[in-house]
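Student: Hi! Could you walk me through some helices in this one?
Tutor: Happy to, here it is.

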Amino acid sequence: MFSWLGKQGGGRERGGGTDVVQTVTGGLRDLYLRKLLPLEEHYRFHDFHSPALEEADFENKPMVLLVGQYSTGKTTFIRYLLEQDFPGMRIGPEPTTDSFIAVMYGDSEGNVPGNALVVDPKKPFRKLSRFGNAFLNSVKALARFVGEIVLFSVLHKLHLRKGGYDFCQVLQWFAERVDRIILLFDAHKLDISDEFSEAIKSFRGQDDKIRVVLNKADQVDTQQLMRVYGALMWSLGKVINTPEVLRVYIGSFWSNPLRNTENRRLFEAEAQDLFKDIQGLPQKAAVRKLNDLIKRARLAKVHAYIISYLKKEMPSVFGKENKKKELISRLPEIYIQLQREYHISSGDFPEVKKMQELLENYDFTKFHSLKPKLIEAVDNMLANKIASLMNLIRQEESNMPTEIVHGGAFDGTMAGPFGHGYGEGAKEGADEEEWVVAKDKPAYDEIFYTLSPINGKISGISAKKEMVTSKLPNSVLGKIWKLADCDGDGMLDDEEFALAKHLIKIKLDGYELPGTLPSHLVPPSHRKPFQTAE
């Protein structure tokens, strides 16, 4: 298993120390309760959009929502990350599961049914009870706990279908609270069903959280993979209306041997990028919660304007029902009018059709008129209070370790000979006694002596004539020159020239150049005595 680790190995600072995480979380909670919640309650925001936030919503650990059609490798993906089986796991080509499953880390296993999960006040799932027993019967938590702290949670739907509850509303509820949404696709099954399309559309407004995983990519060759990737982006473009291109991670996320190894290096690099993205979630959790609170506040303000406008337009005595129908039908025009009056972006308004359907069930005369003080309180929160919290969040991020997700597949990519990039590029030869450039030095020496060295060295002009034949841009060649000129005399001896050629080869092979020259690449004649002794 693996876990999110906080400061001091996952614990909180005690005693006289200041708990930065608790301060930021407490600040967000306090702002919500004092500034935003009164506005939400006054205009029945919770009935139209999202339930009120609770303590657990601010204290919860990062969560990842994994969604995909059947047989795309969701359960296998979870097992790949955990590197162990979990209770109730079943893998097969057919739809093997039709439930929401929460997998959490801890030191003891347990299986918690949905009805029990939603009554726990320390878990952020209490508001799921509004979706009824049909949904709760399809929820279970495969939990491992450390005390009462949930350190990691993955929630995913294994088989997309409706069954007695509004599936898209459930997904929307999760999307508003998770840190990352991963859409999983099979390289052989790129078609997006109507139901899956609806599910993806329910993530509207949360596009920044979405990532895509193209799984089982080892089952196609390079040419086919290029076509598959293009087809996937074309399909996604029809259901995700955003100008930004989604980040797609390509690979084969299971522990079996690769069927096609020609893209092994690509798969390793993509897996590493995905791991880094997940590892960065705890560090960005406070920013995510702050961002979600800001989005919620903007929507609550717009909702208040809509509700108060409908209240204002209603007659006091006769014709209420006809006026209600007229206002609902004119809702798109009302949106435009409110945009102009209050200078609001169209993207801040809720979906027209959904709002029209919800308004059918309410008596507009019972709505409240606009209360400027409630709006001003939220405006003050957005304009002033948020800025102070951002400073606390920066302090929190600077104090957190860079790698705070450990265990499972993450440990296998951090160190050792099978770590990503080990023994490749500039890291080649790091664990060898002989200078790695020496094997190619005879060939480099032949070129060196054709450049007419003087006193065993060639000038910068002579070196440039040879180095530009690589066709690398001057900015890259300038960095290579700086790394290779170990003594900084503006000339290269035979070892420095060989090093420059080696660095050029590294770049041409597609690897990045090091920021500073690693000790194992320093030419033997330029090494200090203590380096040689070591």
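Tutor: One term to begin with: the bend at a residue is the angle between axes fitted to the seven residues ending there and the seven starting there. Helices (H or I, at least four residues) are DSSP runs, numbered from the N terminus. This is a predicted model, where local features need pLDDT of at least 70 and side-chain atom pairs count only at pLDDT 80 or more, while totals for chains, interfaces and linings use all residues. Residues are numbered from 1 along each chain as its sequence is written, and side-chain values use heavy atoms, leaving out hydrogens and water.

Student: Okay, where is the kink in α11 centred?
Tutor: On Val287, and the kink is about 30°.

Student: And how far apart are the end C-alpha atoms of α11?
Tutor: They are 46 Å apart. Helix α11 has 33 residues (281–313), so at 1.5 Å a residue it should span 48 Å, and the two values agree. The expected span is 1.5 Å times one less than the number of residues.

Student: Switching to packing: how do you describe two packed helices?
Tutor: By the angle between their axes and the distance between the axes. Axes are lines fitted to C-alpha atoms, for helices over the stretch in contact, and angles run from 0 to 180 degrees between N-to-C directions.

Student: At what angle do α16 and α19 pack?
Tutor: About 115°, with the axes of α16 (residues 441–450) and α19 (residues 494–508) 9 Å apart. That makes the two helices roughly perpendicular, a label for 65 to 115 degrees; under 35 is roughly parallel, over 145 roughly antiparallel and the rest oblique.

Student: Which residues of α16 make that contact?
Tutor: Lys441, Tyr444, Asp445, Ile447 and Phe448, which meet a set from α19 that includes Asp494, Phe497 and Lys501. Contact means heavy atoms within 4.5 Å.

Student: How many of those residues are charged?
Tutor: Six, alongside five nonpolar and one polar. Ala, Val, Leu, Ile, Met, Phe, Trp, Tyr, Cys and Pro count as nonpolar, Asp, Glu, Lys and Arg as charged, and the others, Gly among them, as polar.

Student: What about α13 and α14, how do they cross?
Tutor: Roughly at 115°, with the axes of α13 (residues 331–342) and α14 (residues 352–359) coming within 10 Å. Leu331, Pro332 and Tyr335 of α13 touch Val352, Met355, Gln356 and Leu359 of α14. That contact has six nonpolar residues, one polar and no charged.

Student: Last pair: at roughly what angle do α17 and α18 cross?
Tutor: Roughly 130°, with their axes within 12 Å, and α17 and α18 are therefore oblique to each other.
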